[in-house]
Each structure stands twice: as structure tokens, then as C-alpha cells.
Amino acid sequence: MALASGAMVKIVGIDPGLAATGVGVVRGRGLRTAGYSFGCITTSASVALPERLSHIYSRLHRLLSSEAPDLVVIEDVFSLQDYPKSGIGLGQVSGVIMLAASQCGLSCVQVPVREAKQVLTGNGNASKSQLERAVRLRLNQPVAIRPSHAADALGLAIIGLLRWVGHPAHPARQPSTAARRRRPPRKGPGS
């Protein structure tokens, strides 16, 4: 089902983390936000890695199935030279996030953290508190958004909302129904 031009969209932003994966849901259109929610999926370091990843996957799969967003935006994994193990862990979490989105039939894009900070604060080197404040102001949230992973996830969802018009699934980027009917059918191999 294609969205009408200017229709509300729902974007889910996800900030990957093994101990805490932030999730933010934003509904709106362009610069206007009609509603939002946020939270965190947490796991304990005392639990084995496969079970922690399974927990994150299961919770996200349920959330994405029930929310049925138009787009999922994930913070792109980065690996600091000083902390390669952290980068590997974030990659594993990102993998289960993308799997959950794919299993739900959802489009998924990644946004680098520096780009997110630049878009939301005007400074690619902004601190976590500056980013949280920018997200809070954009959403007219009167109190601080905690935990910080949830604020980061909301920021990613806002970026998805701002960029929705440029997304390949946006109706303005899709050929009209009449244009789709006029296209000749594709021929398969051996035709």
C-alpha cells in the first residue's frame, strides 16, 4: 500500500548496544512530529552472548511486527582502534537488528553517528548531552530523555522522518499505478 503524498509515516530508530539497545518511534511528516515513544532493551553481562542476542532479536521482532514502521534507521557500527572488541559486539547486535527488520519485511538504513550529530545539532562532534538536548527540543519533550540510548534512537528516527521523501519507498519516488501497468513484463532466463 503506497502512502499518499504528505501522509504521516512511522520511523523506528535503533541505537545498537549489547547491554542496552535504544529504541525510538516517531510518527509525523517532514519537520512535523505527531507523536513519539521510546525505550530500551537491556541484557545482563551475566548471561551468555547467544542468549543476549536472542533476547534483543526477539524483543525487536515483536516491536517491529506490532509497530509496522515505514522505515527502520540504525546507528552505523563503528570500531575504534582502541576498542576493537566493542566494535565486534556492536556488529553482532546490528546484525540481529537488521535480521529482525528483514524478517518483518521492513526497509532498513544505517546512519553514522557523526552524521546524526551533525544533522541534529549542527556539530558532528557533539556530546551525548548536546544530542539529547537537540532531540528533546525537536520533540518539545519537557524533561530529559533517559536512558541516553533511547535519546540516540529517537534522534535516528527523526533523521529518518526528515529524509523520508528521499527514500526509495516514498510514494513520490514510485511510478504511478498506470505507469506500472504500461511496463512490459520482465522476461526470465531462457525467454
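Colleague: How many bridges join E2 to E3, and do they run parallel or antiparallel?

Modeller: Ten bridges join E2 to E3, and the two strands run antiparallel. Two strands count as paired if DSSP finds at least two bridges between them. Helices (H or I, at least four residues) and strands (E, at least two) are DSSP runs, numbered from the N terminus. Before we go on, this is a predicted model: local features need pLDDT of at least 70, side-chain atom pairs count only at pLDDT 80 or more, and totals for chains, interfaces and linings use all residues. Residues are numbered from 1 along each chain as its sequence is written, and side-chain values use heavy atoms, with hydrogens and water left out.

Colleague: Thanks. What do E2 and E3 form, and which residue in the turn has a positive phi?

Modeller: They form a hairpin with two residues between the strands, and Gly 30 in the turn has a positive phi of about 60°. Along that pair, Val 26 stands opposite Tyr 36 in E3.

Colleague: And what is the strand order in the sheet?

Modeller: The order is E3-E2-E1-E4-E5, in an open sheet of five strands with mixed pairing. Strand E3 (32–42) and strand E5 (108–111) are the edges, each pairing on one side only. Neighbouring strands are turned by 20° against each other on average, direction ignored.

Colleague: How many bridges join E4 to E5?

Modeller: Four bridges, and E4 and E5 run parallel. Val 73 stands opposite Val 109 in E5.

Colleague: Let's zoom out. How many helices and strands does the protein have?

Modeller: It has six helices and five strands. From the N terminus on, the elements run β-β-β-α-β-α-β-α-α-α-α. Of the 191 residues, 37% count as buried; buried means under 20% relative accessible area, exposed over 50%, and partly exposed in between (1.4 Å probe, protein chains only).

Colleague: Which strands does H1 lie across?

Modeller: H1 lies across strand E1 (9–15), strand E2 (20–29), E3 and E4, running at about 160° to E3. Axes here are lines fitted to C-alpha atoms, for helices over the stretch in contact, and angles run from 0 to 180 degrees between N-to-C directions. Contact means heavy atoms within 4.5 Å. Helix H2 (residues 84–103) lies across E1, E2, E4 and E5, at about 175° to E4.

Colleague: At what angle do H1 and H2 pack?

Modeller: The angle is about 35°, with the axes 9 Å apart. Among the residues that meet there are Leu 53, Ile 56 and Leu 60 in H1, with Val 93, Val 96 and Ile 97 in H2. By class, that contact has twelve nonpolar, three polar and no charged residues. For those classes, Ala, Val, Leu, Ile, Met, Phe, Trp, Tyr, Cys and Pro count as nonpolar, Asp, Glu, Lys and Arg as charged, and the others, Gly among them, as polar.

Colleague: How about H3 and H4, at what angle do they cross?

Modeller: They cross at roughly 50°, and their axes come within 9 Å. By class, the H3 contact with H4 has five nonpolar, two polar and two charged residues.

Colleague: Where is Asn 123 found?

Modeller: In the loop between helix H3 (113–121) and helix H4 (128–139). Asn 123 is partly exposed, at a relative accessible area of 33%. Leaving aside neighbours within four places in sequence, Asn 123 is in contact with Lys 117, Gln 118 and Gln 130.

Colleague: What is the phi of Ala 68?

Modeller: It is positive, about 45°, although Ala 68 is not a glycine. Ala 68 is in the loop between helix H1 (49–67) and strand E4 (71–75), and counts as exposed at 51% relative accessibility. Asn 140 also has a positive phi, near 55°. Asn 140 lies in the loop between H4 and H5 and counts as exposed, at 68% relative accessibility.
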